[in-house]
Amino acid sequence: MLFAEANLLRNLNHKNIVKILDCYTFKDLRAYFIMEYLSGVLYLPKGDLHQYIQTQPDSKLPEQEAQVFFKQMVDAIYYCHFQNIIHRDLKLQNILIEDLVEKKIKICDFGIAGICCH
């Protein structure tokens, strides 16, 4: 399953999808993904959209900011669907902050993603 995720991500090339550079599996079956650097962890310990929203007043994003994030999510998922890939686990914890100042996000965790055949 881990190799499937690594191979799936290696073939995706979109500005809002995290890039997996390499994957290593050890004898005890632990796997490590080497992915691109995302500076969001400089602002938040986990660096995900869920944690960022929790830091906002009343745990809500201003509409204009939510639109910026949502547009990027829709663009990335549209690209996945165009490649016949279904994410299947899209949630705030799987949306990483690439750059909080510029409001850039990356979708990650394609562990249960599937390929859609028409």
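# Legends to close-up views of the predicted model

View 1. E63 is found in helix α3, where helices (H or I, at least four residues) and strands (E, at least two) are DSSP runs, numbered from the N terminus. The structure is a predicted model, in which local features need pLDDT of at least 70 and side-chain atom pairs count only at pLDDT 80 or more, whereas totals for chains, interfaces and linings use all residues. Residues are numbered from 1 along each chain as its sequence is written, and side-chain values use heavy atoms, with hydrogens and water left out. With a relative accessibility of 61%, E63 counts as exposed, the classes being buried for under 20% relative accessible area, exposed for over 50% and partly exposed in between (1.4 Å probe, protein chains only). The C-alpha atoms of E63 and I17 are separated by 23 Å, the two residues being 46 apart along the chain.

**View 2. The two sides of helix α3.** The end C-alpha atoms of α3 are 28 Å apart, which agrees with the 28 Å that its 20 residues should span at 1.5 Å a residue; the expected span is 1.5 Å times one less than the number of residues in the helix. Buried in α3 are E65, F69, Q72, M73, A76, I77, Y79 and C80. Seen down the axis of α3, these buried residues fall within an arc of 155°, so they line one face of the helix, the arc being that of the directions from the helix axis to the C-beta atoms. On the other side of α3, the exposed residues are E63, Q64, F70, K71, Y78 and F82. The cover over the buried residues of α3 includes α2, β3, β4 and β5, where contact means heavy atoms within 4.5 Å.

View 3. H81 lies in helix α3 and is partly exposed, with a relative accessible area of 45%. Although H81 and C116 are 35 residues apart in sequence, their C-alpha atoms are 8.2 Å apart in space. Just after α3, N84 takes a positive phi of about 65°; N84 is found in the loop between α3 and β3 and is partly exposed, at 28% relative accessible area. A positive phi, near 50°, also occurs at S59, a residue other than glycine, which is placed in the loop between α2 and α3 and counts as partly exposed at 33% relative accessibility.

**View 4. The largest nonpolar core.** In soluble globular proteins, nonpolar side chains tend to be buried together. The largest nonpolar core here has 23 residues, and those with the most contacts inside it are L12, I17, L49, Y52, I85, I97 and F110; such a core is a set of buried Ala, Val, Leu, Ile, Met, Phe, Trp, Tyr and Cys residues joined through side-chain atoms within 4.5 Å. Two or more residues of this core come from each of α1 (2–10), α2, α3, β4 and β5, and α3 gives the most, with 6 residues. When neighbours within four places in sequence are left aside, L12 is in contact with I17, Y79, C80, Q83, I85 and F110.

View 5. The structure holds 5 salt bridges, each defined as a side-chain nitrogen of Lys or Arg within 4 Å of a carboxyl oxygen of Asp or Glu. One of them joins the side chains of E36 and K106 (3.0 Å, N to O). E36 lies in the loop between β2 (31–35) and α2 (49–54) and K106 in strand β5 (residues 104–107), so the pair ties together parts that are 70 residues apart in sequence. E36 counts as buried at 17% relative accessibility, and K106 likewise counts as buried, at 3%. Another salt bridge joins the side chains of E65 and K103 (2.8 Å, N to O). E65 lies in helix α3 (residues 63–82) and K103 in the loop between β4 and β5, so this pair ties together parts that are 38 residues apart in sequence. E65 counts as buried, at 11% relative accessibility, whereas K103 is partly exposed, with a relative accessible area of 22%.

**View 6. The surroundings of N94.** N94 has its place in the loop between β3 (85–86) and β4 (95–99) and is buried, with a relative accessible area of 6%. A polar atom of the N94 side chain lies 2.7 Å from the backbone oxygen of D89. Beyond its neighbours within four places in sequence, N94 is in contact with H87, D89, K106, I107, C108 and D109. D89 also forms a salt bridge with K91, the closest N and O atoms being 3.8 Å apart, and K91 is partly exposed, with a relative accessible area of 38%.

Technical notes. A polar contact is a pair of N or O atoms within 3.5 Å; within protein, one must be able to donate a hydrogen and the other to accept it, and residues adjacent in sequence count only if both atoms are side-chain atoms.
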